[in-house]
Structure formats: C-alpha cells, structure tokens
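User: I would like to learn how to read the strands and pockets of a protein model. Could you take me through one, step by step?

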Amino acid sequence: SQLSTRQLSTTRPSPAHQQPAQMEGMRVGDVLDPRILEMDKVEVSTLWLQGDPLQRLRLDNGISIIVGQKNRVVAIWQESLDEATIFGLNMGDDASRISKVLRLPNRTIPFSAGEYLAFDDIGLALKVDHQQIHGWFLY
C-alpha cells in the first residue's frame, strides 16, 4: 500500500525508538571506533569529495562507513545481506512490518537507486523495493 503525503508529514516513530539509530555502535558525526580497523576483512579505500580525502571502510557484514576529517563518520549504510537487522527489522522483511515496528515514516527521500522511507527522529532511512526491505542508511 502507498503512504499518503499527509501520513508522512504527521506521523512519528514510536517512543520505544527515540534513540538515534546506530550501526556497529556508531552514528553519523561520531569519531570512528578504532577497533573497526582491527576487524578481519575490512576493505579500506580512499575517495575524494570536493578536494578532501575520505576513507570508505567496507565491512564483511555489508556495512559501509565513510570517514572524513578528524576520523568523523560522514555516512554509514547497510547493503543487502540476509542476516542484517536494525530495530528488529531484517533485510528482506515485508514492508508491512515497518509500520508495526517504527510506525509511519516522516517523509520519503528519492534517490537514483530508489526511494527511502525516512524516520527523522532516529536518523534512519529504509530502502523498500517490491514491498521488501533492501537496505538502510543513517543520517
């Protein structure tokens, strides 16, 4: 079922989920936990954005972390991986579970890769495709 614009603008996540979303214990803006670099199978690459070097850390659990100046987390997202979970929602879950766990999103965010459902209070965006959860990112 499609969410109406009115529903998106007036509904908030449930009080049980008021804490900001985290992945690997980190949120956007946090200083990178140095233990991440000590993990097995961490793929590190450098990318440049507007003349500034950034590091992309790709973990074997499907999480990617972009780290900027002063080792601050700039972006963090989960790519499709069957065992991935956040707030009790699993990769591949039916989209109908989202409203039961987090209520309705505040808005949608359009990207070239598809639309994400945004939960502004907790800084989480879920990608839904063909009525299934296919990824998420923190903001």
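Analyst: Two strands are said to pair if DSSP finds at least two bridges between them. In this model, which is predicted, β4 and β10 meet that condition, since they pair in the antiparallel sense over three bridges. One place to look is Ile76, which stands opposite Leu138 in β10.

User: Which strands form the open sheet, and in what order?

Analyst: The open sheet is formed by eight strands in the order β1-β2-β3-β4-β10-β9-β8-β7, and the pairing is antiparallel. At the edges stand β1 (43–49) and β7 (107–111), each with a single partner strand, so one side of each is left without a neighbour in the sheet. Neighbouring strands of this sheet are turned by 25° against each other on average, with direction ignored.

User: How many bridges join β1 to β2?

Analyst: The strands β1 and β2 (residues 52–58) pair over seven bridges, again in the antiparallel sense, and Ser45 can be found opposite Arg56 in β2.

User: What lies between β9 and β10?

Analyst: These two strands form a hairpin with two residues between them, and His130 in the turn has a positive phi of about 50°. Strand β9 (residues 124–129) runs antiparallel to β10, to which six bridges join it; the bridge partner of Ala125 in β10 is Phe137.

User: Is β10 mostly covered or mostly exposed?

Analyst: A residue counts as buried when its relative accessible area is under 20%. By that cut-off five of the seven residues of β10 are buried, and the strand is mostly covered. For contrast in reading such values, take Gly114 in strand β8 (residues 114–119): with a relative accessible area of 24%, Gly114 is partly exposed.

User: Which residues line the second largest pocket?

Analyst: The lining consists of Trp77, Gln78, Phe111, Ala113, Tyr116, Lys127, His134, Gly135, Trp136 and Phe137. The elements that give two or more residues to this lining are β4 (73–78) and β10 (132–138), and β10 gives the most, with four residues. The pocket has a volume of about 180 Å³.

User: How do the residues of that lining divide into nonpolar, polar and charged?

Analyst: Six residues of the lining are nonpolar, three are polar and one is charged. When you look at the model again, you can follow β10 from its pairing with β4, through its hairpin with β9, to the four residues that β10 gives to the lining of the second largest pocket.

Definitions and conventions. Residues are numbered from 1 along each chain as its sequence is written. This is a predicted model: local features need pLDDT of at least 70, side-chain atom pairs count only at pLDDT 80 or more; totals for chains, interfaces and linings use all residues. Side-chain values use heavy atoms; hydrogens and water are left out. On a 1 Å grid over the protein atoms alone, a cavity is a set of points where a 1.4 Å probe fits but cannot get out, and a pocket is an open set with protein on both sides within 12 Å along at least five of seven lines; lining residues have an atom within 4 Å of a point. Grid points are joined across faces, edges and corners, and a volume is the space filled by probe spheres set on the points. Ala, Val, Leu, Ile, Met, Phe, Trp, Tyr, Cys and Pro count as nonpolar, Asp, Glu, Lys and Arg as charged, and the others, Gly among them, as polar. Buried means under 20% relative accessible area, exposed over 50%, partly exposed in between (1.4 Å probe, protein chains only). Axes are lines fitted to C-alpha atoms, for helices over the stretch in contact, and angles run from 0 to 180 degrees between N-to-C directions.
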